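Come and read along with me.

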Amino acid sequence: MARAIKEAEASWTGRYPELGTGLVSYEDSISPEFYELEREAIFRRAWLNVGRVEQLPRRGSYFTRDLAVAKTSVIVARDLSGQVRAFHNVCRHRGNKLLWGTTPNDETSGVCREFMCRYHGWRYTLEGQLTFVLQEEEFFDFDRRDFPLVPVHCEVWEGFIFVNLADQPGQTLTDFLGPMVRGLEGYPFHLVTERYAFRADLNSNWKIYLDAFQEYYHASVLHSQQQVPSLRSFATGYKAPHYQIDGPHRLVSTGGWKGVPRHQLPHDKMYPLEPLTEAGLMGPWQRPDIPELDPANLPPGINPGGLDPWSISNFQIFPNFVILLYERGWYLTYHYWPTSHRTHMWEMSYYFPPSRNASERIRHEVTAVISKEAGLQDAGTLDGTQMGLESRVVSRWPLSDQEITVRHLHKTTGDWVQAYLRDGMGAPA
Amino acid sequence: MSDAIPAIPAIPGSATVLPILPETFSDLAPFAARWCLPTEPARYAERLRSTMAELEAFYDAARPRVREAMAHLDRFPLDALPEPEENLLHLVYSFVMVSLPVEVWHQPRVIDAGTAYFDRHLEPTP
């Protein structure tokens, strides 16, 4: 009677037989023991995005990123030759954290010619060399060259700065990103730099929150109010028209709500704010007149499903980094930084082309406000998901074809942990 | 605009300086002290401590002026807005902030937001 009717062969999930179609466990999101494994197997081995080159505008620019999941903090700096470097944020003398903001718990940023430890005044160049030791003659058998800052593997791709905390990364950054994510290459990220950034401390495992932003099955219900009352339905749902998987990474693209781009809806099917300001959830209605942002000129890898209409491509870059590109000429990023097995710090940034006048800035504000409200619904609800899973009343859960991305994330996480347990390697073969 | 209420000028040396709006937007002056807020965290906090009647009064007054405000502000370079224009821009941002409670949620808080709170720690100015 109640058998599922979706045939695996005719499904997105069926294209990736290694995923299976069976029930899944979320023990990986409620187990403190699994979290400890994840820290080593994933966050100390995968490439992690820690920022963008615009945060290092000059030689000597630096910022720190505290990575609680790896129990470390990194300094990311542009050295005097212009190269971006990363170091563990630890003084070689007595282990003090080298740079912090108001308190040792706060990140910091700025411009300097050298880093100085506030404990005993040891100083390091932007290249990490120890150059000054107070009362150096008091140390025994001592050579400053033996005590540089500990470097962290650091590579820049399309303006995104990545670090890898492994002693020797198993893959280069570009090998790790693979062909699907590298389909983003050529997008004019350097022209889309007006940034609105948010942070939130959330009461769920990082994967549980990430799951909400990689499927659109929940959108018509949890975010029902995105549609005016006459368009809401709790019975018909939404199916994303394109999914793709490449290694540990995922892509899902959308083509407008039921095929109609939001800005092309009749005005009585929108909220008054939208036609009034000509902006909404999907961005300003008018795409900026920047030729590089015209979909006709975008790299084909941005919309690999060839959707028409095309609205969003949502690149889920393992483990915790997301880039969403919008057809209307802007993009956003999410980062999920675990702080325990049941909490994480979440970051969201919107990037628009710099406003040339107040109207453009107001339209960006409209998009930034509306989009945040949807995120608040996800954040508020997923506390409840974490609670439900932690009750351990049920251990096996079904996933639909529209949640192939959820299935893939949890499988990939498990695969990396298994590979680490098996042979200490990062990326499974 | 002949019956408009004149903008209240700032009183030198007074403890609370009322934000001045461009003359043609002086009808919005009654909302300036409360809603000319330069940052999103301040606007969001003000929204949460307001009643729906307060949000609706501001929304109803501002909505018919938003288009004119955008056209007016576009006559100035964004990075060198005179103070009254910068105040007007902040007032429009606040209109955006109160629009969703009025148009969508019918309450100051987002429905289903639970205990979630996002801190916008970086934004362009103005």
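**Entry: ground rules.** I am reading a predicted model, where local features need pLDDT of at least 70, side-chain atom pairs count only at pLDDT 80 or more, and totals for chains, interfaces and linings use all residues. Residues are numbered from 1 along each chain as its sequence is written, while chains are lettered from A and ligands numbered from 1 in the order in which they are written.

**Entry: a sheet in chain A.** I looked up an open sheet of 3 strands in chain A, with the order E6-E7-E8 and antiparallel pairing. Strands here (E, at least two residues) and helices (H or I, at least four) are DSSP runs, numbered from the N terminus. Two strands pair if DSSP finds at least two bridges between them. E6 (114-116) and E8 (130-132) of chain A are at the edges with a single partner strand each, so one side of each has no neighbour in the sheet. Neighbouring strands of this sheet are turned by 35° against each other on average, direction ignored; the axes are lines fitted to C-alpha atoms. I then followed E6(A) to E7(A) (residues 123-125) and found 3 bridges joining the antiparallel pair. Phe115(A) has Tyr124(A) in E7(A) opposite it.

**Entry: where the chains touch.** How many residues does each chain bring to the contact? Chain A brings 34 residues and chain B brings 31, with two residues in contact if their C-beta atoms, placed from the backbone, lie within 7 Å. On the side of chain B that touches chain A, H4 (66-73), H5 (83-105) and E1 (119-122) of chain B each supply at least two residues. H5(B) gives the largest share of that side, 9 residues. I sorted the residues of this side of chain B into 19 nonpolar, 4 polar and 8 charged. Ala, Val, Leu, Ile, Met, Phe, Trp, Tyr, Cys and Pro count as nonpolar, Asp, Glu, Lys and Arg as charged, and the others, Gly among them, as polar.

Entry: Which strand of chain A is joined to E1(B) by 3 bridges? I found E11(A) (residues 194-202), and the two run antiparallel. Phe198(A) has Arg120(B) as its bridge partner in E1(B). The open sheet here has 8 strands, in the order E12(A)-E13(A)-E16(A)-E17(A)-E18(A)-E19(A)-E11(A)-E1(B), with antiparallel pairing. E12 (242-246) of chain A and E1 of chain B stand at its edges, each with a single partner strand, so one side of each lacks a neighbour in the sheet. The twist averages 20° from one strand to the next.

How values were computed:
Axes are lines fitted to C-alpha atoms, for helices over the stretch in contact, and angles run from 0 to 180 degrees between N-to-C directions.
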